[in-house]
Amino acid sequence: MAAHVIADDAEALEVAASLAAEFRAGASARDAERRLPREELDRLSASGLLAVTVPTDHGGADVSAPTLAEIFRLLASADASLSQIPQSHFAYVNVIRRQGTDEQRKFFFAELLAGRRFGNAQSEAGTKHVQDIRTRLRPGPAGSYVLDGVKHYSTGALFADWIPVLARAEDDKLHVAYVPGNAPGLTVIDDWDGLGQRTTASGTVRLEGVEVPADRVLPHHLTFEGPQLHGAVAQLLHAAIDAGIAGGALAEAAEFVRTKSRPWFESGVETAAEDPLLIQRFGELSIQVRASEALLREAARAVEAARADLTDDSAAEASIAVAAAKVSTARAAVDVASALFEVSGTRSALNSLNLHRHWRDARTHTLHDPTRWKIQHIGRYVLNGTRPPRHGLL
């Protein structure tokens with residue numbers, strides 16, 4: 001696969017905006033038909049966007065956190081499923097940046113610049129909690145490793161060239177094994193049937209005696225032994241997706257009211273767009289979307305500042321800023337996607353229009369991790385100065 005190499009932040013944003021406009025046109029039909037976005041992902045790979053965090057000394061643009069968040073917001077405003085697919089891709093690029101050897105970085109960064117995609121095989125169903133990882137990484141022949149386990153919610157795995165697998169070694173410490181998508185013993189099953197995010201193909205990955213060379217395994221547990229931004233960056237992208245869903249829902253609601261809605265007879269106006277009560281409601285929804293986007297930008301700036309000077313304090317500030325943004329964007333996504341029907345009227349509920357995809361996507365994506373715990377960490381930090389925990393979800 002030949003991929004364009006993006007030069008800088010400005011070009012990355014231009015490419016993202018162009019692709020978002022392109023992807024928006026078919027988003028509703030893809031969702032309604034559950035048509036997986038293979039061609040669109042190939043376009044995304046070829047555009048160079050998936051390599052924008054490759055360091056400059058390896059030939060990448062190494063874009064800032066604000067730029068990366070805006071890329072995801074733009075894509076999510078067009079197609080929330082499509083934007084969700086590469087979220088884990090960037091999280092596992094960060095693992096290589098932080099824990100990879102020089103040779104591992106050289107190899108994988110070249111793969112990224114060539115347009116290769118990372119998937120995700122981390123979560124497991126039926127375990128005690130999300131951190132209860134039971135997939136095992138055992139010693140194999142000639143210094144290699146062998147993987148066995150079952151993963152669920154494996155967003156991106158079906159489309160991936162490489163699937164990062166979160167597993168525990170014999171000492172119970174977390175590692176990430178980067179497994180080729182066509183590795184013997186690896187099966188990716190398209191069994192995702194969520195009510196929203198319908199085309200992410202977040203299904204099951206089975207690993208049965210999958211052999212992994214030693215130089216494809218990274219010690220992820222070391223990430224959390226000092227100040228880190230792994231969780232903050234991953235959560236920043238989730239917040240950007242929620243902000244994009246909210247903005248996309250508001251834009252579609254406004255277009256629907258301008259072009260398809262009738263005014264309520266008591267309003268005394270000629271068009272729905274002139275109804276003073278609808279105008280008031282759109283103003284309120286716009287404020288909520290703008291506020292969530294402002295918190296997203298603030299969080300991205302906090303992450304960028306911590307990147308420049310990573311300490312326990314700067315990492316904590318970044319995590320708290322991202323947590324605040326995630327709470328706000330999650331609420332905005334669900335609230336605005338629901339209000340779309342309130343402002344658009346009865347016709348908007350027709351299944352054939354598929355306007356409910358915004359709410360389904362918002363409701364599904366915001367279940368990723370509970371915002372109630374983020375509020376707890378924010379409160380502890382503000383009241384008692386307690387830094388948030390280093391567990392990768394904050």
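**View 1. Phe107, Phe108, Phe118, Trp162 and Tyr178 make up one aromatic cluster.** The model is predicted: local features need pLDDT of at least 70 and side-chain atom pairs pLDDT 80 or more, while totals for chains, interfaces and linings use all residues. Residues are numbered from 1 along each chain as its sequence is written, and side-chain values use heavy atoms, without hydrogens or water.

**View 2. Phe107 and Trp162 pair edge-to-face.** Rings of Phe, Tyr and Trp (its six-membered ring) pair if their centres lie within 6.5 Å; planes under 30 degrees apart count as stacked, over 60 as edge-to-face and the rest as tilted. Here the centres are 5.7 Å apart and the planes stand at 90 degrees. Phe107 is partly exposed at 29% relative accessible area, whereas Trp162, at 10%, is buried (buried is under 20%, exposed over 50%, partly exposed in between; 1.4 Å probe, protein chains only).

**View 3. The charged end of Arg216 sits over the ring of Phe107.** It lies 4.0 Å from the ring centre. A charge sits over a ring if NZ of Lys or CZ of Arg is within 6 Å of the ring centre and within 35 degrees of the ring normal.

**View 4. Phe72 and Phe90 form another edge-to-face pair.** Their centres are 5.6 Å apart, with 75 degrees between the planes. Phe72 is buried at 1% relative accessibility, and Phe90 is buried at 5%.

**View 5. Leu236 has contacts with residues beyond its sequence neighbours.** Leaving aside neighbours within four places in sequence, its contacts (heavy atoms within 4.5 Å) include Ala65, Leu296, Val303 and Val322.
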